[in-house]
Amino acid sequence: MRKAWKITTLVTFILTIIILAVGAVFLYSDLMIYRLFNSIDKGNWSVTKEYYDALTPEQQKVVDAHISGYAHELCREYANGERSYTEVTASFDAINSLDNTDELYNTHITEINYFELKSSVEELYIANTTFDTDGAVKAKQRIEAVQKRMDTATKEQLLIQMLNDKYQEYLDCKIDQKKLTEFMVIVTEMSYYEAHSYAAVIGANVVCVEKYRSAYTEFENMLTEDRYFDVLDSYDKIYVGLDEKDTVYRGKFEELYQNAFYDGMDYYQTKLDNLIAASDGEAAVALMKEIELRYGSAFDLDSAKSELASDWQKTYIQIAMNYEAILQTEFSKSEEGVYIFENQYQRLRPDSMLLYDIDKNGVAELFLFNSKEATDENTECFVFTFANGSYVYLGYVNVLSLCTDSNIIALPGEFGRDFAEEHVLLHFTGTSFEQKKYTKKDGETYVVDNQEVTDVEFLTAQTSIVDHGNNQRPSGMNYVDISDYESYILAY
């Protein structure tokens, strides 16, 4: 019995020794790793490498697996104010002593340096703007300390990044121009290279931003004054100059444009309706031109044009739209028309139009002619009027002069003859031209109404014709290109 107890006791003792030995091995391993991380924590870089090299390969793998997370924790503590800049950079110097941590060190130390430089510059900026002398001294000391840990290129890069960040705050309307300028002054005093030059670029950008912000205010004032056309005319030119990073004012401008576009549409629709109701056709047509220029097909002007136009104007619009087909139809109805189409039409093909109320009844007659053939002496025209609900083709008229008493002075409607001094007085009946008087002088031969007469009788008859004229010829009047038919006809 006693022998069995002794054996049990001995076995138990041996097992305890083994367990303690194994535990000591593991505890020693953990202790070695702890010692290394503690040296990093204290910033004792001179022994960190020594401790790392003393570890077994397995222990080094454990350290390598946890070093990145530890670096993140150091950054977190620094960001939360639990570690000073001096403490955290010392710890990273210890990390940097290890062989495989260059990338880890460079990434985090750059972030820390930027944060420290930025916060110290912000501290200096606040101290300067609040006239805090002691605060300015402390901030400059912090700036000096962080600058010792970075080369010039890195410092310039960080300062440029700070300028961009501050400029973005300005674009986001978190600070005003004055505060941005004060910040830029601090940066330029710290740099003589890239950041100094870049501050000038930011300054130029600010000038542009202030201009378009001022333009935005002007646009707002224009809207209150119902100057929608002015906004729409200037908008694109201003909007294209907006800084692409200025999301605040891009949104403001886009909203303003929508307001100008749709509120303007309502405003000009009402204004147009009032002009039509007042029978102010000229002003209505001018407004429609302005509307079409800005709104295009987005603004339905068809109903306004239809309401504005009288029957004769609608008919003339249809003629202008289809004048060649209509003329060919009318030419086919007479020998003179067939001759003109086959022999003269290429020369006389109309490209211009004139409205003139021959009999002053409120319905203008339509003159179509080729502007290249219109001279100071005569203009060969194709003339239309409106009667009994439709157009009436009055024929080919070689106009010498328009009159104010329902007459036209013309040349005979004949082609291929030698020159002679001729005048025809055509009276407009409302649906046709009637020849009232005809005179001709060919050498020493004088003719009145196809009868040979004396020179005195000829002069008397010729004077009776010419006296009807008012010295108005199509070539010297305000005619237009046929392509401008709609606004021209509606404005009459």
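## Exercises on a predicted chain

The mean positions of the 43 positive and 83 negative charges of the chain lie 14 Å apart, where Lys and Arg count as positive, Asp and Glu as negative, and His and the chain ends are not counted. Each charge is placed at NZ of Lys, CZ of Arg, CG of Asp or CD of Glu.

This is a predicted model: local features need pLDDT of at least 70, side-chain atom pairs count only at pLDDT 80 or more, and totals for chains, interfaces and linings use all residues. Residues are numbered from 1 along each chain as its sequence is written, and side-chain values use heavy atoms, with hydrogens and water left out.

**Exercise 1.** Find the residues that touch the most other members of the largest nonpolar core.

*Solution.* First, the term: such a core is a set of buried Ala, Val, Leu, Ile, Met, Phe, Trp, Tyr and Cys residues joined through side-chain atoms within 4.5 Å. Buried means under 20% relative accessible area, exposed over 50%, and partly exposed in between (1.4 Å probe, protein chains only). The largest core has 140 residues, and F92, L117, M353 and F367 touch the most other members. Apart from it lies another core, of five residues, including L400 and L425.

**Exercise 2.** Is F384 buried or exposed, and which residues does F384 touch?

*Solution.* Begin with its place, strand β3 (residues 379-387); strands are DSSP runs of E, at least two residues, numbered from the N terminus. F384 is buried because its relative accessibility is 0%. Leaving aside residues up to four places away in sequence, its contacts (heavy atoms within 4.5 Å) include Y316, I319, L366 and Y393.

**Exercise 3.** Describe the phi angles of S279 and N471.

*Solution.* As background, most residues other than glycine have a negative phi. S279 has a positive phi near 60 degrees, and N471 has a positive phi of about 60 degrees. Now place them: S279 sits in the loop between α11 (247-277) and α12 (281-295), while N471 belongs to strand β10 (residues 469-472). Finally, S279 is exposed at 64%, and N471 is exposed at 66%.

Note on methods. Helix = DSSP H or I, 4+ residues; strand = E, 2+ residues; numbered from the N terminus.
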